[in-house]
Amino acid sequence: MKKIKLIYNPYSGDKTFKFDLDIYVTNLQQAGYEVHMFRSINQGDIENHLKDIEKNFYDAFIVSGGDGTINIVVNCLMKYNLNHIPIAIIPSGTANDFATFLKLPKEPDDACKIIANNKTIPVDVGLCNDKYFINVCAGGLFANVSEKIDKNFKEALGKFAYYIRALQEMHTFKPINLKITNSKETIEDKFDLFLILNTSGTGSIKNLSPTASISDGVFDFVGFRNVGIANLPSVAIKYLKGEYLEHDKILFFQDKDITIESIEEVYTDLDGEKGPKLPINIKNIPSAIKVFVE
Ligand SMILES: [Mg+2]
C-alpha cells in the first residue's frame, strides 16, 4: 500500500482544516494510500520530524498551511534529500500565494481528487545563501513585513494584513544602495524595493511579474529604482501593465544566478519569513521538487 504523510498546523489561517481531517483520510484511503499524520504545533517540529524520515518510505506528502508552512517543508525536502517525493498543497494559511499561483483547490474532495489523479509538475526552488524559497525573495520596502504583523491583526484581516502593513512601513523606508550582479553584468543604483520572483505574486499582489514561470529555471528580478513613496504606486502600475521593459525606473531581468550586495544593513524576506541579511547569492535549482496539480 502506498504511504502518504499529511502535515498540518491546526492553528493556521482560519483554523478550519482540522474539521475536515476524516474526509481527507477517507478519500486518501480510497485512492490507495495509508495515511500518516503530523500535527505541527511548535516552531521547528516539522523539521525535527522530517529529518529522520527514511528516504523511500513515503510516496507523497500533503501539506496543509500557508506560504510559511510550505516554505518550511520545502526547506526540509531539499536539506534531507526528500525532494523526489511529490507534495500536495492544501491552501489553509493566512497567505497562500504559492497555492493561488498553481490554482490549487481548498475543498477537501477537490484536493484529494488531485492527489488521486497523480499528476505532478516540476517546480524550481530558489536557494538564497543557505535557505530555500519557493515564491519570492524580497528586500527593501516589503522586507520583514510579515514578522512585524501582530498575530491578532493577521487573523482579523487575513491576507490584507500584509499589504496594509507594507503601506505603513512605507512611511519609514528609505532607498537602499544596491550592487546587483547577474551572469551578464553588474548594476549599482539606489532602489526602493527589489523582488526575485519564482511565482508571480507576493503579499496579495497578484501578477506582480506577469512573465514569471515556475519551471523555466530562471527568476524574474524586478527592482524599483529610487522613485519615492509618492511615485511608487504609479510606477508599479506601469509595471503590472507590462510597460516595465521601457520604464527607466524599473530594472527587470531574468537570470538563474543573482548576487546582491549593499554597504547598508538590509534584511531580506523569503516567502514572507525573515531571510538572510545582504550580501546574498541566489541560485535557481531547476525542477527541484514535484507538486501535485489539477
Ligand atoms: Mg522562473
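Colleague: What makes the largest nonpolar core a core, and which residues touch the most other members?

Modeller: A nonpolar core is a set of buried Ala, Val, Leu, Ile, Met, Phe, Trp, Tyr and Cys residues joined through C-beta atoms within 7 Å. The largest one has 65 residues. Ile 62, Val 73, Ala 88, Ile 89 and Ile 196 touch the most other members. Domain 1 (2–118) and domain 2 (131–287) both contribute residues, so this core lies between them. The domain bounds come from an automatic or database domain assignment.

Colleague: What should I keep in mind about the model?

Modeller: It is a predicted model: local features need pLDDT of at least 70, side-chain atom pairs count only at pLDDT 80 or more, and totals for chains, interfaces and linings use all residues. Residues are numbered from 1 along each chain as its sequence is written.

Colleague: Why is strand 4 called largely enclosed?

Modeller: Count its buried residues. Buried means that 20 or more other C-beta atoms lie within 10 Å of the residue's own, exposed means 12 or fewer, and partly exposed is in between, with C-beta atoms placed from the backbone. In strand 4 (residues 87–91), 5 of the 5 residues are buried, so the rest of the structure largely encloses it. Ile 87, Ile 89 and Pro 91 point one way, Ala 88 and Ile 90 the other way. Strands here are DSSP runs (E, at least two residues), helices likewise (H or I, at least four), numbered from the N terminus.

Colleague: What is Ile 89 in contact with, beyond its neighbours within four places in sequence?

Modeller: Val 63, Ile 70, Phe 98, Ala 99, Leu 104 and Val 291. Contact means C-beta atoms, placed from the backbone, within 7 Å.

Colleague: How do you know that strands 3 and 4 pair?

Modeller: The criterion is at least two DSSP bridges between them. Strand 3 (residues 60–65) and strand 4 have 5 bridges and run parallel, so by that criterion they pair. One of the bridges joins Ser 64 to Ile 90.

Colleague: Why is the β-α-β unit they form with helix 3 called right-handed?

Modeller: Point the strands away from the viewer. A crossover is right-handed if the path from the first strand over the helix to the second then runs clockwise. Strand 3, helix 3 (residues 67–79) and strand 4 make such a right-handed unit.

Colleague: What makes you say that the buried residues of helix 5 line one face?

Modeller: In helix 5 (residues 108–117), the buried residues include Pro 108, Ala 111, Cys 112 and Ile 115. Down the helix axis, the buried residues fall within an arc of 95°, so they line one face. The arc is that of the directions from the axis to the C-beta atoms. An α-helix has 3.6 residues a turn, so residues three or four places apart point the same way. The buried residues of helix 5 pack against helix 1 (21–30), strand 3, strand 4 and strand 15 (280–292). The face turned away from the buried side carries exposed Asp 109, Asp 110 and Asn 117.

Colleague: Which strands are joined to strand 8 by bridges?

Modeller: Strand 9 (residues 186–197), through 6 bridges, antiparallel. Strand 12 (residues 257–261) also runs antiparallel to strand 8, with 3 bridges. Leu 178 has Asp 189 as its bridge partner in strand 9; Thr 181 has Thr 259 in strand 12. A hairpin of 4 residues links strand 8 to strand 9. Strand 8 (residues 176–181) has a covered face of Ile 176, Leu 178 and Ile 180, and an uncovered face of Asn 177, Lys 179 and Thr 181.

Colleague: Why is Lys 15 counted as exposed, and why Asp 20 as partly exposed?

Modeller: Lys 15 has 12 C-beta neighbours inside 10 Å, so it counts as exposed. Asp 20 has 19, so it is partly exposed. Lys 15 sits in the loop between strand 1 and helix 1, and Asp 20 is in that loop too.

Colleague: What makes the backbone at Lys 15, Ser 287 and Pro 279 worth a look?

Modeller: Most residues other than glycine have a negative phi, and most peptide bonds are trans. Lys 15 has a positive phi of about 65°. Ser 287, in strand 15, has a positive phi of about 45°. The peptide bond from Leu 278 to Pro 279 is cis, with omega near 5°.

Note on methods: Contact = placed C-beta atoms within 7 Å.
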